[in-house]
Amino acid sequence: MSSPDLGGVVVATALPYRANASAPAGLAVDYDAYAAHCRWLVDNGCRGVGPNGSLGEYSSLTDEERRRVARTAIETVGDDGIVVVGVHGPGSHQARRWAEAAAEDGADGLLCLPPTMYRANRGEVLAHFEAVASVGLPVMVYNNPIDTKVDLTPALLAEIAAIDNVVAVKEFSGDVRRVLEIREQASGLDVISGADDVVLESLLMGATGWFAGFPNVFPAESARLFELATAGELEKARALYEPLVAAFRWDSRTEFVQAIKLGMDLVGRYGGPCRPPRGPLTGEHRDQVTADMRRALASLGVE
């Protein structure tokens, strides 16, 4: 029996807010706008959405908001795509609770970091993922050694892959050599590209998905890039990819949420502000994101 497939282009969705003096930091989640955004992504060729990731500012949400965001995505996408809910938490008991809620609400899969506020050792990492996977949904573990200070190396992933229901890894180390190493040492895991600025390289080395940031801005073009890469049409894929990479690099920078939301604003969607601790872009960063986006848009023939 084959493992459940969480591949394809799944968008780590940005979350829109509207001004509301009584909401946390004066910003209330705009669930209607979020639903419309999820619908737009799926209608433009993306396979699904990933609510409550870092890009979705999950750590700035109340528990009630976080669950409602996931439910909104699940209800909106329905049978037209997949919803992979972020269940990141400081400990396995919190992450498992979010996994249980996602299962109750009808999610297709889970995305899970190692413990988020503690540099866990090997045994603690394995126990964390075992607890989340015990809920029964397909799990994509998330390797982000930059933020968590825990590196899910190919050798450690070989052990994690033995856990029932763990089916994939979102690989965000930025080291494209990892794709083949993981496929060699943890052959049962699907490798999902987690960093936009190495997505083509990762797909050419055998990654089967893209858990993505900038498809919030360019969904149709991102779906096309994925199709070209997985079909082996390298020349066409490179021609599409190269002018976008300067913008895509912001996905791997500290200000990635603000940059992607600005990108959404620049293409006529609504990105808007972030909740603390994220503040507005500096003038220098805003100018650079705008320049990088203009190059990308010019390559796509968009004014």
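Select helix 9 (residues 219-230) and helix 10 (residues 234-241): they pack at an angle of about 150°, with their axes 8 Å apart. Helices here are DSSP runs of H or I with at least four residues, strands are runs of E with at least two, and both are numbered from the N terminus. Axes are lines fitted to C-alpha atoms, for helices over the stretch in contact, and angles run from 0 to 180 degrees between N-to-C directions. Helix 9 is therefore roughly antiparallel to helix 10 (under 35 degrees is roughly parallel, over 145 roughly antiparallel, 65 to 115 roughly perpendicular, the rest oblique).

This is a predicted model, where local features need pLDDT of at least 70 and side-chain atom pairs count only at pLDDT 80 or more, while totals for chains, interfaces and linings use all residues. Residues are numbered from 1 along each chain as its sequence is written, and side-chain values use heavy atoms, with hydrogens and water left out.

Stay on this pair. Helix 9 passes helix 10 in a left-handed crossing (the near helix is turned anticlockwise from the far one by less than a right angle; clockwise is right-handed). Now show side chains. Helix 9 brings Glu221, Arg224, Leu225, Leu228 and Ala229 to the contact, and helix 10 brings Lys236, Ala237, Leu240 and Tyr241. Contact means heavy atoms within 4.5 Å. These residues divide into 6 nonpolar, no polar and 3 charged (Ala, Val, Leu, Ile, Met, Phe, Trp, Tyr, Cys and Pro count as nonpolar; Asp, Glu, Lys and Arg as charged; the others, Gly among them, as polar).

Next, select helix 12 (residues 256-266) and helix 13 (residues 283-299). They pack at about 50°, axes 10 Å apart, which means that helix 12 is oblique to helix 13. The crossing of helix 12 past helix 13 is right-handed. Ala259, Leu262, Gly263 and Leu266 of helix 12 meet Arg286, Val289, Thr290, Met293 and Leu297 of helix 13.

Go to Asn216, in the loop between strand 10 (209-212) and helix 9. Asn216 counts as buried because its relative accessibility is 0% (buried is under 20% relative accessible area, exposed over 50%, partly exposed in between, with a 1.4 Å probe and protein chains only). Beyond neighbours within four places in sequence, its contacts include Val11, His37, Trp40, Ile260 and Met264.

Finally, zoom out. The chain has 13 helices and 10 strands. Buried residues make up 56% of its 303 residues.
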